[in-house]
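Q: I have this model open and would like to go through it with you. Where shall we begin?

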Amino acid sequence: MDFAFSDEQELLRRSVRDLLAGRWPLERVAELADGDAGWDPDSWPRLAELGCLALSLPAERGGFGGDTVDEAVVFEEAGRALYPGPLFASVALAQPALLAATDPAPLDAVLGGERSATLAVAEPDGPRGLAEVDLVACAAKRDGDGWTLTGTKTLVPDAAIAADAVVAARAEDGVALFGVDLTGNGEVVVARSTMDTTRRLGDLVLDATPASLLVPPEAAGAVLAATRRRALALAACEAVGVADRALAFALEYAGQRQQFDRYIGSFQAVSHRLTDAWIAIELARSVAYWAAWCVATGDEQAARASAAAKASAGEAAVTACESAIQCMGGIGFTWDHPLHRLYKRAQWVDAFEGFGAAHRRELAAALLDG
């Protein structure tokens, strides 16, 4: 069996890397992250032109007929470039619900690079993530031919820049998924001050806010379960890209910086630490690719693989960034160097849907019960 990426996938990797590095290098990312908007909206149609927003969708829905493995390539490169846009929110989180919706217009707008989307599940006193959707309290009520939503959603990725939100809310028959237009609804979005300014979070304060039904209660549970498996796998791939970039900074520095007439990379205190980080990254890479393959093929181990990948890659990214900071000394702590931004993204990924310990408990329970 061939476990390598195909020539087409490697070409996709090079194309995405060239686009992001050429137009939005880390210096430009830093400017965007410190600005008001936080991203460059011109990047969205360019990603759409490259096909990054439609890789795993069937051709009849405007996609390229690929799968999650193709998307894994894109998300690894997006992590390496620290792309500051709603790619994860739109493709990893919102896309499954938009694909399941009977109205094709919201998905078509995302695929065309005209709009972006996000997913809102967590609540202040309710669910903290996709694994706890049964705790949703946000209320959905019929209003003529449409719906209105009332409640608060918290920690919504890219809430301030997404055009649409897929909102989990409780209707009479159970939890369903609704679409909310965030453009022109400025009072709905409340921006949060967060550590990672390349992926900003926000709250949605819904007060009889107009909404459209995307996925009814009888199908919403399956869609959200699939979304969680997919999001964990793609978050792991993104973490691998972040870790790779951080380690590259450290290796470059260790091969140039001299102390006592020797390159610091020759000292065991440095080389052993960076070697441990490299091993952690390579292990995480293997599990992340396995998880993407399991999700793509519908393998029965997809849930376990995604949980294992997220735990491994999230912690590997944090370790790689911390090791790089220690290796680079003073410059590793400066605001001007991009390393601290990679570190913050690594911490966001590590915390997404629970830290590694939570996923290991999930895996242990699944293995023991199975």
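A: We could begin with the rings: Phe-75, Phe-88, Trp-348 and Phe-352 form one aromatic cluster, where rings of Phe, Tyr and Trp (its six-membered ring) pair if their centres lie within 6.5 Å, and planes under 30 degrees apart count as stacked, over 60 as edge-to-face and the rest as tilted.

Q: Before we go on, what kind of model is this, and how is it treated?
A: This is a predicted model, in which local features need pLDDT of at least 70 and side-chain atom pairs count only at pLDDT 80 or more, while totals for chains, interfaces and linings use all residues. Residues are numbered from 1 along each chain as its sequence is written, and side-chain values use heavy atoms, with hydrogens and water left out.

Q: OK, back to the rings: how many aromatic pairs does the structure hold?
A: The structure holds seven aromatic pairs. One of them joins Trp-348 and Phe-352, and this pair is stacked, with 5.3 Å centre to centre and 20° between the planes.

Q: Are Trp-348 and Phe-352 buried or exposed?
A: Both Trp-348 and Phe-352 are buried, where buried means under 20% relative accessible area, exposed means over 50% and partly exposed is in between, with a 1.4 Å probe and protein chains only.

Q: And Glu-238, which residues is it in contact with?
A: Leaving aside neighbours within four places in sequence, Glu-238 is in contact with Phe-75, Glu-76, Gly-79, Arg-199, Arg-345 and Val-349, contact meaning heavy atoms within 4.5 Å. Phe-75 also belongs to the aromatic cluster.

Q: Where does Glu-238 lie, and why does Glu-238 count as buried or exposed?
A: Glu-238 lies in helix H7, residues 217-254; helices (H or I, at least four residues) and strands (E, at least two) are DSSP runs, numbered from the N terminus. Glu-238 counts as buried because its relative accessibility is 1%.

Q: What about Gly-356?
A: Gly-356 lies in helix H11, residues 356-369, and it counts as buried because its relative accessibility is 2%. Not counting residues up to four places away in sequence, Gly-356 touches Ala-311, Glu-315 and Asp-350. The C-alpha atoms of Gly-356 and Leu-368, which are 12 residues apart along the chain, are separated by 18 Å.

Q: Switching to the backbone, what is the phi of Ala-208, and of Phe-260?
A: Ala-208 has a positive phi of about 55° although it is not a glycine, and Phe-260 has a positive phi of about 55° although it is not a glycine. Ala-208 sits in strand S7, residues 201-215, and counts as partly exposed because its relative accessibility is 41%. Phe-260 is placed in the loop between strand S8 (258-259) and strand S9 (262-263), and at 69% relative accessibility Phe-260 counts as exposed.

Q: Zooming out, how many helices and strands does the protein have?
A: The protein has 11 helices and nine strands. Its radius of gyration is 21 Å, close to the 21 Å that the globule rule gives for 370 residues, so the protein is as compact as a globular protein of that length; the radius is taken over C-alpha atoms, and the rule is 2.2 Å times the number of residues to the power 0.38.

Q: How much of the protein do buried residues make up?
A: Buried residues make up 54% of the 370 residues in the protein. Among contacts between residues at least 6 apart in sequence, 71% join residues at least 24 apart.
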